Amino acid sequence: MKAGRLRKKKELVERFGGECSECGFADCLRALSFHHKDPYEKEFGLSSDNLMKAWDTVVAEAQKCELLCANCHAQHHCDVCGDDPFEL
């Protein structure tokens with residue numbers, strides 16, 4: 001099951017450019033994630049478990065997102081969402 005989820009994530013990441021949309025990072029698949037541009041449109045998160053949903057459903061959800069590396073994703077939440085960068 002784990003291999004299937006990883007294969008699906010790789011396919012989804014490649015379909016959406018294969019790199020962080022902010023900085024271009026592409027060295028580690030596990031460091032890339034899908035960030036919903038509008039949290040009100042989010043039907044489900046694109047975690048590994050949800051990648052096992054119907055493929056068309058997964059792709060439709062990913063279209064609501066931008067592909068970000070872990071660092072840019074964290075920075076986005078600090079800058080755009082107003083999270084305190086020094087608070088856990």
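1. Contacts along the chain. Among contacts in the protein between residues at least 6 apart in sequence, 62% join residues at least 24 apart. Contact here means heavy atoms within 4.5 Å. The model is predicted: local features need pLDDT of at least 70, side-chain atom pairs count only at pLDDT 80 or more, and totals for chains, interfaces and linings use all residues. Residues are numbered from 1 along each chain as its sequence is written, and side-chain values use heavy atoms, with hydrogens and water left out.

2. Overall layout. The protein has three helices and two strands. Their order from the N terminus is α-β-α-β-α. Helices (H or I, at least four residues) and strands (E, at least two) are DSSP runs, numbered from the N terminus. Of the 88 residues, 33% are buried. Buried means under 20% relative accessible area, exposed means over 50%, and partly exposed lies in between (1.4 Å probe, protein chains only).

3. His36. Is His36 buried or exposed? His36 is buried, because its relative accessible area is 7%. Look for His36 in strand β1, which covers residues 32–36. Residues up to four places away in sequence aside, His36 touches Lys42, Phe44, Gly45, Glu61, Lys64 and Cys65.

4. Arg5 and Asp49. The structure has three salt bridges. A salt bridge is a side-chain nitrogen of Lys or Arg within 4 Å of a carboxyl oxygen of Asp or Glu. One of them joins Arg5 to Asp49, with the closest N and O atoms 4.0 Å apart. Arg5 is in helix α1 (residues 2–15) and Asp49 is in the loop between β1 and α2 (55–62), so the pair ties together parts that are 44 residues apart in sequence. Asp49 is exposed, at 57% relative accessible area.

5. A salt-bridge network. Which residues are linked in a network of salt bridges? They are Glu43, Glu61 and Lys64. Glu43 pairs with Lys64, the closest N and O atoms being 3.0 Å apart. Glu43 sits in the loop between β1 and α2, and Lys64 in the loop between α2 and β2 (65–69), so this pair ties together parts that are 21 residues apart in sequence. Lys64 also forms a salt bridge with Glu61, again with closest N and O atoms 3.0 Å apart. Glu43 is exposed, with a relative accessible area of 65%. Lys64 counts as buried because its relative accessibility is 18%. Both Lys64 and Glu61 are buried.

6. Gly45. This residue belongs to the loop between β1 and α2. Gly45 counts as partly exposed, at 24% relative accessibility. Not counting residues up to four places away in sequence, Gly45 touches His36 and Asn50. Gly45 and Cys65 are 20 residues apart along the chain, and their C-alpha atoms are separated by 10.0 Å.

7. Val58. Helix α2 holds Val58. Its relative accessibility is 0%, so Val58 counts as buried. Leaving out residues up to four places away in sequence, Val58 touches Leu12, Phe44, Leu46, Asn50, Leu51 and Lys53.

8. Ser21. The loop between α1 and β1 contains Ser21. Ser21 is partly exposed, with a relative accessible area of 46%. Neighbours within four places in sequence aside, Ser21 is in contact with Glu66, Leu67 and Leu68. Ser21 and Cys72 are 51 residues apart in sequence, and 9.0 Å apart in space, C-alpha to C-alpha.

9. The largest pocket. The largest pocket holds about 150 Å³ of space. On a 1 Å grid over the protein atoms alone, a pocket is an open set of points where a 1.4 Å probe fits, with protein on both sides within 12 Å along at least five of seven lines; lining residues have an atom within 4 Å of a point. A volume is the space filled by probe spheres set on the points. The lining consists of Lys2, Arg5, Leu6, Lys9, Arg30, Ser48 and Leu51. By class, that gives two nonpolar, one polar and four charged residues. Ala, Val, Leu, Ile, Met, Phe, Trp, Tyr, Cys and Pro count as nonpolar, Asp, Glu, Lys and Arg as charged, and the others, Gly among them, as polar.
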